[in-house]
Every structure is written in C-alpha cells, then in structure tokens.
Amino acid sequence: MKALLLIGGLATRLRPLSLNRPKCLFPLQNKPIIEYLLENLSNAGCKEAILAVNNLVDTIERHLGEEKYGIKLHYSLEETPLGTGGPVKLAQKYLCDDDFLVLNGDILSFIDYRALMNKHKNNKSTATLTLTQVKDPSRFGVVRFGSNDAIKEFVEKPTKEEAPSNWINAGCYALNPEILDYIPADKKISIEREVFPKLADENKLKGYRYYGEWIDIGVPDDYLQAHKILQTKNERASSIHPSVKIGIGSKILDSIIWENTSIGNTNEITDTIIGANCIIGDRIKITGAVIGDGVTIKNDIIISTGTRVWPNKIVEASIVEAKEIK
Ligand code: GDD
Ligand code: MG
C-alpha cells in the first residue's frame, strides 16, 4: 500500500510558529505530527510514501530522511504550490499502478487505513473519503449522503446554513488511479473544489464513516486541543520538551513548550504555545498566547489572550489587549 502525504502550504493561521517550522513537524508529546501519520501507516502495512512538499523542504528532509517506521520516503517537490490536487498528478509515476491513499498532513486521528482501503476496493469507486462528524462543518468539506454510503454532494467550506450535513471530509482518502484523469498537469488544483464535486455528480464517490478521535491542526487552539486528545491521566498537564528549564514555583497548564526554552520563577502560563529558544523571565502571567521562536520576555509582565509574538522579539511591557507583535 502506498500513500501520498500533503505537507506543503504556508500554514498562515499558525504564524508565527509556522514561519520557521512546517506544520507537519509541530510536536505533540515531543513527536512531530507527521510521525503519528507515518507510524499509523506503517501499522497498516504501508511500505512507500510520497511526501508532497514545497515549503521549508530542507527542514522536513533533514528530520525525516529516506525512511521512517519501515516506510521508504520519496520527496515530490512542487516549484510553486499546486494545492491539494496538483501534487497527486505530479507524483503520478508512483501512483499509476494501484489504489493508493492521500492524507492531509495536519490531522491527528486513529483511522484504520487498512479498513478504509478494503472498503474502497470492495465498493469499486474512484474515491472513498473518510468522513467524521463535527459540530460546525463550515471550516471543512461537507457531504450529503445517498444510499449505501454513496456521496451525492460535496461542498468545500459552505456557510453553516448551507452545509448539507455535519459529516465532513476527514482529509484521508483511498483513490483509484483513474483519479489522475481528473487532474490536469502542472496546475494548482483543489481536489475538494474541482474534483470531488464532479465525482459526486458521476456517482464515483463513496464515504467511509469514522467515529474515533479526530482533529485538524489548523489554528493554535486546535494544536492545544490535539495535545489534550493525547493526554491520558492529568487533564491539565502540558507538553514540554525535555530540554526546557523551568524555575521554582512556575505553573504551566494546558500549554506546549518547544525545545531549549527557559522559563524563570513563579510564572503562570496557561493555554499557551511557546516556540523554541525563548527566554521567559520571572513573575510572568501568560494566557492564551502564541510566542514565536527566540522571543525574550522580561520580568513582571502580563500577556493576555489572543496575543501573538513574532520570532526574536523582546517584550518589555505588559500586553493587556490582544495584538500581534511583529
Ligand atoms: N503539497 C502541498 N501543496 N500540500 C498542500 C498545499 C500545496 O499547495 N496546500 C495545502 N497543502 C496541505 C496542507 O499542509 C495540509 O496538510 C493539507 O494539504 C490540507 O490543507 P489545509 O490548508 O490544512 O486545508 P483545510 O484544513 O482548510 O481543509 C482541508 O482539510 C479538511 C480536514 O481537515 C480540506 O481537505 C477539507 O475538505 C477537509 O475537511
Ligand atoms: Mg487543515
């Protein structure tokens, strides 16, 4: 079984963290998101994966190398971003001989890829999409079912009112090589806007319903939420890299701290993501903020919810109203 992983794009909604690090390498319990995907693929018997990349490529290659969890990795480099469909066409030499998987690289889930592929082979459709239920489908691709899990309609990011159901595209598909005929070469194509609606009209699109935990790491709150999904015991624990130094009396709740950051004494850090190599002083209270790599925060400062601080800034005064410090 082969899989193509979509890990390009700029992840602008995760800035400033995504300026220096691609979203697929954001750690969850000190393991990058993409490794959860690769490990799950390996357990399903996948032996070869194509990584569709265009941004911060060296960082990705340096981290993953040529093989991971027994999966041989091929890098498929787009000169300019080709969207979510173009990369499939670009990698067609790897994909033209058998059914394959396509995965969005920013999803944490426990989808059984083997079961998805089996269902796809049985129903003989061009594409079988994994679907999950959410409260607000408007941020996602949404489907309307016909009988026997056929997908009759696919709408990408409809308004809440227009959404045909609350079953959404979970960013994990099994595809038949026939899909390659639906994607023009060398063009930026959205598979969700330009290909899936067409397949639905032609009765070639099926759904595979998934009921387990699922999250798309699109914005900082989702990243914090993904970390909570992986928590088992202590509900308010944080994900802190082992190299982080923490002073006496500091409380760090529901937060994520990347490597080589140092945190002084009697701080209160809640619902916050702090990048790598930051220096956080003493008696600081930070709530609901995103702090980029290499930031220094001086003593006796309060940083309030919604604040984002760009890499290498020095914060010398409290930020009482949320803003971006660039
Ligand atoms: N190689 C490559 N090139 N990858 C890309 C590009 C590109 O130009 N643009 C985006 N990607 C990757 C992203 O890194 C991500 O892993 C995946 O494609 C999906 O892009 P997002 O930007 O995260 O899309 P989304 O979350 O708004 O919507 C998509 O995912 C939802 C589920 O999380 C759609 O597939 C929705 O239909 C779906 O519901
Ligand atoms: Mg996404």
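P16 lies in the loop between β1 (2-6) and β2 (27-28); strands here are DSSP E runs of at least two residues and helices H or I runs of at least four, numbered from the N terminus. This is a predicted model, in which local features need pLDDT of at least 70 and side-chain atom pairs count only at pLDDT 80 or more, while totals for chains, interfaces and linings use all residues. Residues are numbered from 1 along each chain as its sequence is written, chains are lettered from A and ligands numbered from 1 in the order in which they are written, and side-chain values use heavy atoms, with hydrogens and water left out.

**Backbone points to look at**

- R15 and P16 are joined by a cis peptide bond, with omega at about 5°.
- Y69 is not a glycine, yet has a positive phi of about 50°; Y69 is placed in the loop between β5 (67-68) and β6 (71-77).
- For background, most peptide bonds are trans, and most residues other than glycine have a negative phi.

**The largest pocket**

- The volume of the largest pocket is about 1,100 Å³.
- A pocket is an open set of points, on a 1 Å grid over the protein atoms alone, where a 1.4 Å probe fits, with protein on both sides within 12 Å along at least five of seven lines; lining residues have an atom within 4 Å of a point.
- There are 45 lining residues, and those closest to the pocket centre are R13, K23, T84, D106 and K157.
- β12 (167-175), α6 (191-201) and β14 (214-216) each give the lining at least two residues, and β12 has the largest share, with four.
- The lining divides into 18 nonpolar, 15 polar and 12 charged residues, where Ala, Val, Leu, Ile, Met, Phe, Trp, Tyr, Cys and Pro are nonpolar, Asp, Glu, Lys and Arg are charged, and the others, Gly among them, are polar.

**Ligand 1**

- What takes up the largest pocket? Its space is taken by ligand 1, counted as sitting there if more than half of its atoms lie within 2 Å of the grid points.
- β12 and β14 are the elements that give two or more residues to the shell around ligand 1.
- Ligand 1 is surrounded by 26 residues, the closest being G8, E78, E156, E192 and D216; a residue counts if one of its heavy atoms lies within 4 Å.
- By class, this shell has 10 nonpolar, nine polar and seven charged residues.
- An N or O atom in the E156 side chain is 2.6 Å from an oxygen atom of ligand 1.
- A polar backbone atom of N169 lies 2.7 Å from an oxygen atom of ligand 1.

How values were computed. Grid points are joined across faces, edges and corners, and a volume is the space filled by probe spheres set on the points. A polar contact is a pair of N or O atoms within 3.5 Å; within protein, one must be able to donate a hydrogen and the other to accept it, and residues adjacent in sequence count only if both atoms are side-chain atoms.
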